[in-house]
Number of protein chains: 2
Amino acid sequence: MNARRNTRQRETILEVIQNASGPLGVSEILERARTQIPGVGLATVYRTLAMLKEGGQVLEVNLPGEESRFEPGTRHHHHHHFVCQTCHKVFELETCPVGIPAGSVLPGGFRVADHHLTLYGFCPQCDVRKAA
Amino acid sequence: MNARRNTRQRETILEVIQNASGPLGVSEILERARTQIPGVGLATVYRTLAMLKEGGQVLEVNLPGEESRFEPGTRHHHHHHFVCQTCHKVFELETCPVGIPAGSVLPGGFRVADHHLTLYGFCPQCDVRKAA
DNA sequence: ATCTATGCAAAGTATTTGCACAAAG
DNA sequence: CTTTGTGCAAATACTTTGCATAGAT
């Protein structure tokens, strides 16, 4: 019936994402995977990402105007992202400053199940440089 | 030199966005604009949106996995979006449950200038239907 | 041996651009 | 009249899909 198979490309793609310092775009994932398996195809990356996403092993991160990015989902508790407006790097934050527990109902009758927050500003490095 | 011209399509596209109850996708904007100007082209919609976005008259809203949406930028108050996980409609919320004033510095030295929040859950209508 | 996964290329979407004509100023 | 805007179609970018074959079990 339905059996999931362990292939070198799947292993490699997951590793690439797990070894990255931040969320990667599809093209970056392809590039890095190709250093391990030169002939790997773009379609395989997309198919594998869809699979890993379903299994919760990776998370898709969408930032306005950018390509989708992917980050490991394994060690992942609830977290958010910080985008530096100067260097455009994306950071992962531990803090969740949103005062809405899942299950809350907002005025108007909106029952909240989840939320995504993206903070914009200056990362420590760029903030220092600005001040100087 | 550089002169901006007032055309019927620009007026119409802005009106369409301003008269909408929530942020609209490009195809929805095109459809509605065509009820006023049957022959209006898709490229014109994109070009006009880019222009209006630059001028701050409309804001682009990006939700994961969806087409970009556009909403009026005139009534510039701080607000967020609620996406119904059942009917996929997008609502605009008045409440801001994020406890981070602009200018705050997070642990780690991240200076926050702005934030985007998207809530997911069930809108009043779908919530009722689920309960029944 | 069986059936899933891969790689390629083709097909889909979403968005942008080149160009001749229309229209605003 | 001059210059910008429009509509169309072609071009791009990103993502998905069909199919024959490679590869996992």
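## The hairpin of chain A

Leu106(A) stands opposite Phe110(A) in E7(A). Two bridges, 2 in number, join strand E6 (residues 105-106) of chain A to E7(A), and these strands run antiparallel. Together E6(A) and E7(A) form a hairpin with 3 residues between them, and in its turn Gly108(A) has a positive phi of about 110°. Strands (E, at least two residues) and helices (H or I, at least four) are DSSP runs, numbered from the N terminus, and two strands are said to pair if DSSP finds at least two bridges between them.

## Basis of the description

This is a predicted model, in which local features need pLDDT of at least 70 and side-chain atom pairs count only at pLDDT 80 or more, whereas totals for chains, interfaces and linings use all residues. Residues are numbered from 1 along each chain as its sequence is written, chains are lettered from A and ligands numbered from 1 in the order in which they are written, and side-chain values use heavy atoms, with hydrogens and water left out.

## Relation of the two copies

Chain A is superposed on chain B by a rotation of 180° with 0.0 Å of shift along its axis, at an RMSD of 0.8 Å. The two copies are thus related as by a two-fold rotation axis. The same surface serves both copies, since 100% of the contact residues of chain A recur in chain B. The superposition is by least squares on the C-alpha atoms of residues with pLDDT of at least 70 in both copies; contact means heavy atoms within 4.5 Å.

E7(A) and E7(B) pair in the antiparallel sense over 11 bridges. Within this pairing, Gly121(A) has Val112(B) in E7(B) as its bridge partner. Inside chain A, E7(A) is also joined to E4(A) by 4 bridges, and these two strands run parallel; here the bridge partner of Phe82(A) in E7(A) is Leu119(A).

The largest nonpolar core has 24 residues, of which Phe82(A), Leu106(A), Leu119(A), Phe82(B), Leu106(B) and Leu119(B) touch the most other members. The elements that give two or more residues to this core are strand E4 (80-84) and strand E7 (110-122) of chain A, together with strand E4 (80-84) and strand E7 (110-122) of chain B. Such a core is a set of buried Ala, Val, Leu, Ile, Met, Phe, Trp, Tyr and Cys residues joined through side-chain atoms within 4.5 Å. Buried means under 20% relative accessible area, exposed over 50%, and partly exposed in between (1.4 Å probe, protein chains only).

Leu119(B) touches residues of both chains: Ile100(A), Leu106(A), Val112(A), Asp114(A) and His115(A), and also His81(B), Phe82(B), Val83(B) and Leu93(B), not counting residues up to four places away in sequence.

## Surroundings of Val90(A)

Val90(A) is found in strand E5 (residues 90-93) of chain A. At 17% relative accessibility, Val90(A) counts as buried. Leaving aside residues up to four places away in sequence, Val90(A) touches Pro23(A), Leu63(A), His81(A), Phe82(A) and Val83(A). Glu71(A) is 19 residues from Val90(A) along the chain, and the C-alpha atoms of the two are separated by 11 Å.

## The three-stranded sheets

In chain A, an open sheet of 3 strands has the order E1-E3-E2, with antiparallel pairing. Strand E1 (24-25) and strand E2 (58-61) of chain A stand at the edges, each with a single partner strand, so one side of each is left without a neighbour in the sheet. E1(A) pairs with strand E3 (residues 69-72) of chain A in the antiparallel sense over 2 bridges, and Gly25(A) stands opposite Arg69(A) in E3(A).

In chain B, 3 strands form an open sheet in the order E1-E3-E2, and the pairing is antiparallel. Its edge strands are strand E1 (24-25) and strand E2 (58-61) of chain B, each of which pairs on one side only. E2(B) is joined by 4 bridges to strand E3 (residues 69-72) of chain B, and these run antiparallel; the bridge partner of Val58(B) in E3(B) is Pro72(B).

Of the 22 residues around DNA strand C, Gln9(A), Arg10(A), Thr44(A), Arg47(A) and Tyr46(B) come nearest. A residue is counted as near the strand if one of its heavy atoms lies within 4 Å of it. Of the atoms of DNA strand C within 4 Å of the protein, 66% belong to sugar or phosphate and the rest to bases.

An N or O atom in the side chain of Arg10(A) is 2.9 Å from a phosphate oxygen of DNA strand C. The elements that give two or more residues to the surface near DNA strand C are helix H1 (8-19) and helix H3 (42-54) of chain A, together with helix H3 (42-54) of chain B. H3(B) gives the most to this surface, with 4 residues.

Key. Polar contact = N/O pair within 3.5 Å; in protein donor to acceptor, adjacent residues only side chain to side chain.
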